[in-house]
Amino acid sequence: MAGKDQDMSSRATSHEPPATSCALCAQPGGEVMWDDGFARVVLVGDADHPGFCRVILNAHEKEMSGLSDAHRLRLMEVVFAVERALRELLAPEKINLASFGNVVPHLHWHVIPRFPDDPHFPNSVWSARVREGPRPLPAGFNRSLRQRLGDLLGPRP
Ligand SMILES: [Zn+2]
């Protein structure tokens, strides 16, 4: 009986938190560049990496394997469109893609343009800084990114 109670209790604590306690359910998470109701693209506003974008699933889901095949493919289509738009607009040395969700367990992908002179290159943006000074974004970047994402993914409904 005690074993059964323990099992019930551990299952109860593994439930998803209510959406109201989740930062990415409660807030956009950055300046919205594109949103089709299923997912959104935000410009994070990272001082060291001004082109840093996140692709955020609008629904509260924790893992890629929790999505249907169609939703998983659509989410990655958005990630790759952001990658493509950032390559076209900024010509970075490399795009970094990452998904962790340990702190905020709500599906989101980091899409980060990297440059040889950025504050962390060639290490990850979460490592110690190795030099000063971010590379500023070109004039009109936000407008261009919105336009390009609309071209690649369809306009906001
Ligand atoms: Zn959430």
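Q: What average pLDDT does the protein have, and what share of the residues score at least 70?
A: pLDDT is the predictor's confidence in each residue, from 0 to 100. Here the average is 89, and 86% of the residues score at least 70. The model is predicted: local features need pLDDT of at least 70, side-chain atom pairs count only at pLDDT 80 or more, and totals for chains, interfaces and linings use all residues. Residues are numbered from 1 along each chain as its sequence is written.

Q: Over which residues does pLDDT stay under 50?
A: This holds for residues 1-15, where the model has 0 contacts beyond four places in sequence. Two residues are in contact if their C-beta atoms, placed from the backbone, lie within 7 Å.

Q: How many helices and strands are there in the protein?
A: Helices (H or I, at least four residues) and strands (E, at least two) are DSSP runs, numbered from the N terminus. The protein has 4 helices and 5 strands, in the pattern α-α-β-β-β-α-β-β-α along the sequence.

Q: Which residues touch the most other members of the largest nonpolar core?
A: A nonpolar core is a set of buried Ala, Val, Leu, Ile, Met, Phe, Trp, Tyr and Cys residues joined through C-beta atoms within 7 Å; buried means that 20 or more other C-beta atoms lie within 10 Å of a residue's own. In this core of 26 residues, they are V41, C53, V55 and V82. Helix 3 (69-90) is among the elements that each supply at least two residues, and its share, 8 residues, is the largest.

Q: Which residues is C53 in contact with, leaving aside its neighbours within four places in sequence?
A: C53 is in contact with M33, V41, V42, L43, V44, V82, L86 and V111.

Notes: Buried ≥ 20, exposed ≤ 12 C-beta atoms within 10 Å, placed from the backbone.
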